[in-house]
Amino acid sequence: MAAVHIDESTWVLVLTGAGVSAESGIPTFRDANGLWENHVIEEVASPQGFARDPSLVWRFYSERRRGVLSCTPNPSHTALVDLERRLGDRFLLVTQNVDGLHVRAGSQRLIPIHGTLCESKCSGCDRAPFVDTALYLDTVLPECDRCAERGQRSLLRPNIVWFGEVLDSLALSRIESFVETAAAERLVFVAAGTSGLVYPAAGLVNVARRAGAETWLVNADRAANASSFDHFVEGASGTILPSLFS
Ligand code: BV8
């Protein structure tokens with residue numbers, strides 16, 4: 001099988017999507033055909049959806065919290081931890097996944113660009129997001145105690161970047177500076193387990209290409225942006241990633 005050549009001048013930027021958690025038993029968005037309980041996910045995973053029916057949105061995220069808490073990392077995740085330990089500062093992992101499995105596998109040089117499922121934050125104040133594995137399945141929804149101290153009422157929300165919300169600018173600039181530094185030597189970009197449909201994540205391959213990167217797609221099928229990659233390795237990431245890097 002094709003292998004990504006790694007030497008002392010190689011920097012590796014990895015982007016993962018729901019496909020790398022599929023072998024841990026977490027259904028991908030494509031598996032669900034973009035639906036949940038017959039709701040279009042983009043509508044539930046949006047500020048408008050939360051404003052319209054916060055109980056429904058909390059049910060959606062609470063059921064996913066319950067799901068991920070019973071799952072464990074798979075060889076896709078551990079392969080990326082091994083690569084990080086081998087490359088150190090010359091490695092960066094950007095994930096679209098909110099399931100926390102990369103952290104549980106041991107990844108440290110990690111940017112969760114779409115947030116973290118088992119964290120909550122306030123929809124009304126700028127308190128920092130906090131770990132929260134509670135399930136909110138009934139109509140009594142969690143409220144911010146800090147806002148309450150000020151006599152205000154604000155609902156807590158999952159610490160997730162919803163459709164229509166901008167990504168954290170600090171995260172994006174951290175990615176850009178990694179690409180810029182790496183481009184001075186040799187940059188390899190690998191996207192794994194992603195359909196290449198959601199932006200700006202799906203555009204990362206073009207950012208890497210403009211910096212002269214060698215680009216690889218590891219996916220069970222041809223992603224929407226597959227033509228932007230130099231190499232396409234078709235199959236399960238849990239099988240491919242452990243032996244992809246020479
Ligand atoms: C933004 C958290 C600027 C939620 C997620 C209209 C209005 C507003 C915005 C837009 C609009 N139209 C378009 C946009 C932009 C929008 C977008 O891209 N929409 C898409 C649907 C067209 N993007 C945004 O809104 C982003 N923000 O643009 O801000 C802005 C602001 C206002 C107005 C305009 C612009 C925010 C995007 C972040 C959304 N949040 N996650 C949650 O998780 O609940 S996205 C969510 O869906 C995931 O995080 C993930 O990113 C995405 C699903 O993608 P994948 O991870 O790729 O998963 P998928 O199931 O699709 O694919 C899995 C793949 O794995 C498959 O190809 C499969 O074959 C493969 N696979 C399966 N098993 C395996 C495997 N591969 C290997 N091995 C296996 N074993």
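Ser46 counts as buried because its relative accessibility is 5% (buried means under 20% relative accessible area, exposed over 50%, partly exposed in between, with a 1.4 Å probe and protein chains only). You will find Ser46 in the loop between helix 2 (41–44) and helix 3 (47–52); helices (H or I, at least four residues) and strands (E, at least two) are DSSP runs, numbered from the N terminus. This is a predicted model, in which local features need pLDDT of at least 70 and side-chain atom pairs count only at pLDDT 80 or more, while totals for chains, interfaces and linings use all residues. Residues are numbered from 1 along each chain as its sequence is written, and side-chain values use heavy atoms, with hydrogens and water left out.

The side chain of Ser46 comes to 2.9 Å from the backbone nitrogen of Gly49. Setting aside neighbours within four places in sequence, Ser46 is in contact (heavy atoms within 4.5 Å) with Trp162 and Phe163. Ile160 is 114 residues away from Ser46 along the chain, yet their C-alpha atoms are separated by 9.5 Å.

## Trp162 and the nonpolar cores

Trp162 touches Ser46 and, with neighbours within four places again left aside, also Ala45, Pro47, Phe50, Val57, Tyr61 and Arg157. Together with Phe60 and Tyr61, Trp162 touches the most other members of the largest nonpolar core, which has 26 residues. Such a core is a set of buried Ala, Val, Leu, Ile, Met, Phe, Trp, Tyr and Cys residues joined through side-chain atoms within 4.5 Å. Helix 2, helix 4, strand 6 and strand 8 (156–160) each give two or more residues to this core, and helix 4 gives the most, with six. Apart from this core lies another, of 25 residues, including Leu13, Ile111, Leu187 and Ala201.

## The second largest pocket

Now for some open space. The second largest pocket holds about 280 Å³. On a 1 Å grid over the protein atoms alone, a pocket is an open set of points with protein on both sides within 12 Å along at least five of seven lines, and lining residues have an atom within 4 Å of a point. Grid points are joined across faces, edges and corners, and a volume is the space filled by probe spheres set on the points.

Among the 19 lining residues, Val98, Asp99, Gly100, Val103 and Thr116 lie nearest the centre of the second largest pocket. Helix 4 (54–69), helix 6 (101–105), strand 5 (110–112) and strand 6 (115–122) each supply at least two residues of this lining.

Note on methods:
A polar contact is a pair of N or O atoms within 3.5 Å; within protein, one must be able to donate a hydrogen and the other to accept it, and residues adjacent in sequence count only if both atoms are side-chain atoms. On a 1 Å grid over the protein atoms alone, a cavity is a set of points where a 1.4 Å probe fits but cannot get out, and a pocket is an open set with protein on both sides within 12 Å along at least five of seven lines; lining residues have an atom within 4 Å of a point.
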